[in-house]
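Please open the structure in your viewer and keep the selection panel within reach.

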Amino acid sequence: MIAHADIKIEKTAQSRINEQDVNNVPFGKCFSDHMFIAEYADGKWSKSYIQPYKDMPMSYAMSALHYGQAIFEGMKAYKNADGEVNVFRPIDNFNRLNKSAIRMAMPEVPEEVFMGGLIELLKLDSAWVPTSETGSLYIRPFLIATDEAIGVKASDTYKFVIITCPAGKYYTEPIKVLIETNYIRAVQGGVGFVKAAGNYGRSLYPTKLAQQKGYQQVIWTDGATHSFLEESGTMNLMFVIDNTVVTPALSDTILDGITRRSVLALAKDWGMKVEERKISIQEIVDGYKAGKIEEAFGVGTAATIAPIKGIGYKEDYMELPPVESRKFSNKVDETLRNIRKGKAEDKFNWMFKVN
């Protein structure tokens, strides 16, 4: 890890913590006091520093703005009853960030930069970690190209940044989703399996159209035939069908979600049957008519477990069983929350202690 002395720390003159109720803030709009930055130039990582959170000075010609070399991660820190701060599976996020970096022709971030900066930042801003039952500190590490140049090429300079914000529940109610059979999130050979910023930009218009029809999100389908389900909005997608947990198999069009991995690990630990495979639209339609679709939900860092109460397909709407009656996803949600808050055994060693 980077030693404390290797990170230049400039503390804020006046904390903003007393201006906010960290246990009751809208998601992603209230940011903590400090931010971590590491700079890459001349083929190596050099400067690493923490400074008060502020706007970033930049050129309008910055490469990330024009050619999309921008990737990010999403992670969460939690505070237990003893006031200790723990992060959920940060090494998995570190590894996935570098997987994204390789695909986007960006330099990999060294572990000592990623973890060293994260630890020092969370120590400094530990007061911003909510203590509420569903609260967490959302952590956004990201890597952007910073060359001041207009010319299509990989940048020579980059900044790796970590910012944080206190957060409650992402979705306060079960969601309705619309199966999307026109617009495409990802194609084979593309970047759907990494967290590139452009993946999310292209999703906004189809989502807007779905929202105009009364849905909160879309279910993306494969780009070749629009016959198979892939993800739900910004989340991985899961079903319980005939007491079997079923989720689309990973591919280069589906993100290898950290929460997805965790849910599947719990299901297997509990002795449930798990299937990672293709799921056709027709299977869901037929299964719904036969009463076999017991649960549907999205899984992701921001939402953790997002129950899906209904699925739209063309002109039809499939109302799913009440969320209160769902045994698996409710148990997963409670179990993950208890592990993260230190109320249940962390048998998988998912939690990383900061202080």
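What follows is a sequence of selections, each with a description of what is there.

**The whole chain**

Begin with everything displayed as a cartoon, bearing in mind that this is a predicted model. The protein chain contains 8 helices and 18 strands, and its radius of gyration is 21 Å, close to the 20 Å that the globule rule gives for 355 residues, so the chain is as compact as a globular protein of that length. Along the principal axes, the C-alpha atoms fill a box of roughly 65 × 50 × 35 Å. If you colour by accessibility, 54% of the 355 residues count as buried. Among contacts between residues at least 6 apart in sequence, 71% join residues at least 24 apart.

**The nonpolar cores**

Next, select Phe 36, Val 109, Phe 114, Leu 122, Ile 139, Leu 143 and Phe 160, which touch the most other members of the largest nonpolar core, a set of 55 residues. Helix 3 (residues 111-124) supplies the largest share of this core, with 7 residues. Centre the view on Leu 122 and, leaving aside its neighbours within four places in sequence, you will find it in contact with Ala 77, Val 87, Leu 137, Ile 139, Thr 164 and Val 354. Another core, of 24 residues, lies apart from the largest one, and Ile 179, Phe 239, Ile 281 and Ala 296 are among its members.

Now select helix 6 (residues 258-269) together with helix 8 (residues 327-340), which pack at an angle of about 110° with their axes 11 Å apart. Because of that angle, helix 6 is roughly perpendicular to helix 8. To see the contact itself, show the side chains of Thr 259, Ser 262, Val 263, Leu 266 and Ala 267 on helix 6, and those of Phe 328, Val 332, Thr 335, Leu 336 and Arg 340 on helix 8. The residues of this contact divide into 6 nonpolar, 3 polar and 1 charged.

**Two positions with positive phi**

Finally, select Thr 304, which is found in strand 16 (residues 304-313) and has a positive phi of about 60° although it is not a glycine. Then move to Lys 314, in the loop between strand 16 and strand 17 (316-319), where phi is again positive, at about 55°, although this residue is not a glycine. Which of the two terms, buried or exposed, applies to Thr 304? Thr 304 counts as buried because its relative accessibility is 9%, whereas Lys 314, at 61% relative accessibility, counts as exposed.

Conventions:
Residues numbered from 1 in each chain as written. Predicted model: local features only at pLDDT ≥ 70, side-chain atom pairs only at ≥ 80, totals over all residues. Heavy atoms only, no water. Axes fitted to C-alpha atoms, helices over the stretch in contact; angles between N-to-C directions. Helix = DSSP H or I, 4+ residues; strand = E, 2+ residues; numbered from the N terminus. Parallel < 35°, antiparallel > 145°, perpendicular 65-115°, else oblique. Contact = heavy atoms within 4.5 Å. Nonpolar A, V, L, I, M, F, W, Y, C, P; charged D, E, K, R; others polar. Buried < 20%, exposed > 50% of the residue type's maximum accessible area, 1.4 Å probe, protein only. Core = buried A, V, L, I, M, F, W, Y, C linked by side-chain atoms within 4.5 Å. Rg over C-alpha atoms; globule rule 2.2 N^0.38 Å.
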